[in-house]
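Welcome! Please take a look at the model shown here, and then we will walk through some of its parts together.

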Amino acid sequence: MEDVNLRSHSEAETIQMGEHFAARLRVGDVVALEGDLGAGKTEFVKGICTHFSVDDLVTSPTFTIINQYAGTTHEGDPLKIYHVDLYRIDSPEELAEVGFDDMVFAHDAIKLIEWPEKAAQLMPSRRWDVRITADSDNDDVRHIAITAPVPSEVA
Ligand SMILES: Nc1ncnc2c1ncn2[C@@H]1O[C@H](COP(=O)(O)OP(=O)(O)OP(=O)(O)O)[C@@H](O)[C@H]1O
Ligand SMILES: [Mg+2]
C-alpha cells in the first residue's frame, strides 16, 4: 500500500491532479473520495473524467445520486464511469433503492464515490482512498492524500 500526499493551490490544479491520478485506474476500480462539503471532490472527479475523454458534462450528482458517463480507456475501448454522491442518503433502504450494491461491484465500470462513509458497510475493501482537506491558512489550498488499494492475492 503506497501513499501519495499532494498540495493543490487552485481548483484547476486539483483537476490536473485528478487527471494525473486517473492514469493509475483500471476498469472495475473503486475510488472513495472523502472530504467535507466543498473540499473539491467533484473537481477531482472532473480531472479523472478528462483523462478518460468524457464528453458529458461532469456535475455533482447531488439529486440524481448516481451519474453515468461514457469515457474511453487508455487502450481506446469504451469505458463506463459511475459518479456517485451519497451525501443525501440516510439509510440502507435508500442505498438499495438507488442500486448501490450492484453498481459498486460492477466489473465493467470505474466507480467514483463521494461521501463513501454513508455506505460504510457496502464499500469494497479493495479501493482507492482519496481524502481532500482544506488548508487552515489558505482558502484555495487543499491537501490530497491518496492511498492505493492493497494488492489482491495473486490468482
Ligand atoms: N485547490 C482547490 N481545489 C479544489 N477546489 C477548490 C480549490 N480552491 C478552491 N476551490 C473551490 O472549492 C469548491 C470545491 O467544490 P466541489 O464541488 O468540488 O466540492 P465537493 O468536495 O465535491 O463538495 P460536496 O461534498 O458538496 O459535493 C469549488 O467551488 C472550487 O472552486
Ligand atoms: Mg461533490
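Helices here are DSSP runs of H or I with at least four residues, strands are DSSP runs of E with at least two, and both are numbered from the N terminus. Ser-53 is not a glycine, although its phi is positive, and its place is the loop between helix 2 and strand 3 (66-72). Is Ser-53 buried or exposed? Ser-53 counts as exposed because it has 12 C-beta neighbours inside 10 Å. The rule is this: with C-beta atoms placed from the backbone, a residue is buried if 20 or more other C-beta atoms lie within 10 Å of its own, exposed if 12 or fewer do, and partly exposed in between.

Before going on, please note that this is a predicted model, in which local features need pLDDT of at least 70 and side-chain atom pairs count only at pLDDT 80 or more, while totals for chains, interfaces and linings use all residues. Residues are numbered from 1 along each chain as its sequence is written, and chains are lettered from A and ligands numbered from 1 in the order in which they are written.

## Helix 2 itself

Nine of the eleven residues of helix 2 are buried, so the helix is largely enclosed by the rest of the structure. Among the buried ones are Lys-41, Phe-44, Val-45 and Ile-48. The buried residues of helix 2 pack against helix 1, strand 2 (30-34), strand 3, strand 4 (78-85), strand 5 and strand 6.

Seven strands form an open sheet in the order 1-7-6-2-5-4-3, with mixed pairing; two strands pair if DSSP finds at least two bridges between them. Which strands lie at the edges? They are strand 1 (3-8) and strand 3, each pairing on one side only. On average, neighbouring strands of this sheet are turned by 20° against each other, direction ignored.

Strand 2 and strand 6 pair in the parallel sense, over four bridges. Ala-32 stands opposite Asp-129 of strand 6. Helix 1 packs on the sheet, where it touches strand 1 and strand 7 (142-147), and its direction makes about 155° with that of strand 1. Helix 2 also packs on the sheet, and its direction makes about 165° with that of strand 5. For these angles, axes are lines fitted to C-alpha atoms, for helices over the stretch in contact, and values run from 0 to 180 degrees between N-to-C directions.

## Around ligand 1

There are 19 residues around ligand 1, and Thr-14, Ala-39, Gly-40, Lys-41 and Thr-42 come nearest. A residue is near a molecule if its C-beta atom, placed from the backbone, lies within 6 Å of it. Helix 1 (11-22) and helix 2 (41-51) are the elements that give two or more residues to this shell.

## Asp-85 and Trp-115

Asp-85 lies in strand 4 and is buried, with 24 other C-beta atoms within 10 Å. Leaving aside neighbours within four places in sequence, the contacts of Asp-85 include Ser-60, Glu-114 and Trp-115; contact asks for C-beta atoms, placed from the backbone, within 7 Å.

Trp-115 is found in the loop between strand 5 (109-114) and strand 6 (128-134). Its phi is positive, near 55°, in a residue other than glycine. Trp-115 is partly exposed, with 18 other C-beta atoms within 10 Å.

Definitions and conventions:
Two residues are in contact if their C-beta atoms, placed from the backbone, lie within 7 Å.
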